[in-house]
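Student: I would like to go through this model term by term. For each label, please set the value against the definition.

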There are 2 protein chains.
Amino acid sequence: MPELRKDPVVGRWVIISTERARRPSDFNTEPVRARGGPCVFCTGNEDKTPPEIVAVRPSDTRRDGPGWSLRVVANKFPALRIEGDLEPAGEGLYDRMNGVGAHEVVIETPDHSASLATLPVDAVADVFLTFRDRIVDLKKDPRFEYVLVFKNHGEAAGASLEHPHSQLIATPIIPIMVSEELSGSQAYWNRKERCVWCDVIRQDRRDRRRVVAEAGGFIALEPFAPRFPFETWVLPVRHGSAFEDSGVEELRGLAEMVGTVLRRMNGTLGSPPFNFMLHTAPLRDGALDHFHWHLEIIPKLTRIAGYEWGSGFFINPAPPEDAAEALRAAVP
Amino acid sequence: MPELRKDPVVGRWVIISTERARRPSDFNTEPVRARGGPCVFCTGNEDKTPPEIVAVRPSDTRRDGPGWSLRVVANKFPALRIEGDLEPAGEGLYDRMNGVGAHEVVIETPDHSASLATLPVDAVADVFLTFRDRIVDLKKDPRFEYVLVFKNHGEAAGASLEHPHSQLIATPIIPIMVSEELSGSQAYWNRKERCVWCDVIRQDRRDRRRVVAEAGGFIALEPFAPRFPFETWVLPVRHGSAFEDSGVEELRGLAEMVGTVLRRMNGTLGSPPFNFMLHTAPLRDGALDHFHWHLEIIPKLTRIAGYEWGSGFFINPAPPEDAAEALRAAVP
């Protein structure tokens, strides 16, 4: 059974994922991927994945059979386990609980060589609609406090399979980075009675230097203090704290904007590996005046080394104003 | 001029390192290392580095000439610049200051193929004595609040040169990870009037399961909630908050313990790339009852991907009890 454990100094929880446990010798080399073998996410191999949780497919096709345009399945090697109770317990000065959670994979398209940059906007919109629907569904499980949606694209960004997919992990704990955004934005609200991200959008729209694009109710910008070169945030211009409250039209606007940003990154940076992460309000928080949901896109261009791990202080060789200028100049 | 910038939501500072700035096209591929060319850190190439700040060398040898056993030089591509004033300024809701700081390299040995795992203990002790002396020296500069000592060993851990070396960066800001340790340990002290790391050592010594080794006044252990497989902390058993207050005998004990841990890691994990980071109290804090200096050693065995970047929630496939058992069983 995987375990959740809390660091007694800084209060950071980690997942000790025994389902993925390996012996010391297994760490000796980078994990080897079966290349050339059949892709488990491709059409025709539906029996190679855990059963479908939901899918986008015509009504005359059968579950776990071909004909789908998008599938959601449980991760075959989940970081957390869906069954069981949390059973939080102390162990002297340490805190632990059972590693209960959901770990799902969104297979974004049957097309092995497509990507969110090349798929038609309707297909990309289906991906974001699916994220929304999975969050709404997982919210019904009272054990979960948070659902984090993310994507690893390319081996250097941590993807173990090439076929276009994203993932979500539901946890009984609010992740520390989200907590930090919540408390930072609450403190800002307490001083100003304004949402800090709304203020960022207002200031950067006037300033223009860090804005990559704006359309369909969304803005893409390079943050003022980015951790990574070409780190890009996509935010709804209108305030909203819960991603899962977004309507169909809104998510279509998001799909357009994410496609645009990824195509501009591909043009500027040579189709880099990347991650994206969706930051939305915790499941039980209702609508928050001080939190503004957003998608963080991070191309994988630099190595993170000892200074960053030891300090949390990131060294970024690309000023965001230069990155935004390059992305604006690229063909969308 | 590099810049320090603060994220307006979470308060995290980043270094926008214009001295290392690259054009977008430069990010397209992994940086290429000049292989086979002469190593700039080897004996005979002293003129290829910035001038020596200090060195361990016989008195009959000359500065920036051969004969040394250890050299400290400025980093040729510094993340921060030593000259200038901070000139902190606001820009609407953003905060910035000049990227003033020191970035130095400790060339640990003239032997290109040695490592801290293979060098004699006296040579390793010289490395730690040098860290101490550099911190004491940089403390005299009133602009600096913190010195973080770290090491990148191996390309996957971020090293751009093979020759054994470590680095330090002095900043006008206390890094956020150190701040979090300070406030977490202060909160623990407020409740218990005990140092949390002293309590960790007490509990883990009784428990044994996470202890790797103990000798010469130092203990090496796998933390209860490690972010990374085989993450190992080395702590002085006796409470102390400032690394730079350590005596010669103490640092010899540290050198022995670090050598032991690295040799055990090499045996267990096949000489992995690794980082280490020294966490000591801020320069201006004096002796703190609640902070306990320590060295964090992290072998680079897994990729960090979207979930970790988005959540701060690390997925660790190796329970620390299993890692400690494997390291205890290895030949030191």
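Tutor: Start with superposition: copies are fitted by least squares on the C-alpha atoms of residues with pLDDT of at least 70 in both. This is a predicted model, in which local features need pLDDT of at least 70 and side-chain atom pairs count only at pLDDT 80 or more, while totals for chains, interfaces and linings use all residues. Residues are numbered from 1 along each chain as its sequence is written, and chains are lettered from A and ligands numbered from 1 in the order in which they are written.

Student: What superposes chain B on chain A, and with what RMSD?

Tutor: A rotation of 180° with 0.0 Å of shift along its axis does so, at an RMSD of 0.0 Å. That is the relation of a two-fold axis. In chain B, the C-alpha of Ile304(B) is the nearest to the axis, at 4.7 Å.

Student: How many of the contacts in chain A with a separation of 6 or more join residues 24 or more positions apart?

Tutor: Such pairs account for 68% of them.

Student: What share of chain A counts as buried?

Tutor: 51% of its 332 residues. A residue is buried if 20 or more other C-beta atoms lie within 10 Å of its own, exposed if 12 or fewer, and partly exposed in between, with C-beta atoms placed from the backbone.

Student: Is helix 4 of chain A mostly covered or mostly uncovered?

Tutor: Mostly covered, since 16 of its 22 residues are buried. Helix 4 (residues 248-269) of chain A reaches 31 Å from its first C-alpha to its last, close to the expected 32 Å; the expected span is 1.5 Å times one less than the number of residues. Just after this helix, Gly270(A) takes a positive phi of about 70°.

Student: How do you know which strands pair with strand 11 of chain A?

Tutor: Two strands pair if DSSP finds at least two bridges between them. Strand 10 (residues 211-215) and strand 11 of chain A share 4 bridges in the antiparallel sense, with Ala215(A) partnering Phe218(A). Their hairpin has 2 residues between the strands, and Gly216(A) there has a positive phi near 60°. Strand 11 of chain A also runs antiparallel to strand 12 (residues 232-236) of chain A over 4 bridges, where Ala220(A) has Val234(A) as its partner.

Student: Which way do the residues of strand 11 of chain A point?

Tutor: Phe218(A) and Ala220(A) point one way, Ile219(A) and Leu221(A) the other, and all are buried.

Student: Why are strand 15 of chain A and strand 5 of chain B called edges?

Tutor: The open sheet has 5 strands in the order 15(A)-2(B)-1(B)-6(B)-5(B), with mixed pairing. Strand 15 (314-316) of chain A and strand 5 (89-91) of chain B each have a single partner strand, so one side of each is left without a neighbour in the sheet. Neighbouring strands are turned by 30° against each other on average, direction ignored; the axes are lines fitted to C-alpha atoms.

Student: What joins the chain B strands of that sheet?

Tutor: Strand 1 (residues 3-6) and strand 2 (residues 13-16) of chain B run antiparallel with 4 bridges, and Arg5(B) is partnered by Val14(B). Strand 1 and strand 6 of chain B are antiparallel over 4 bridges, with Lys6(B) partnering Asp95(B). Strand 5 and strand 6 (residues 94-98) of chain B are antiparallel over 3 bridges, and Gly90(B) has Asp95(B) as its bridge partner.

Definitions and conventions. Two residues are in contact if their C-beta atoms, placed from the backbone, lie within 7 Å. Axes are lines fitted to C-alpha atoms, for helices over the stretch in contact, and angles run from 0 to 180 degrees between N-to-C directions.
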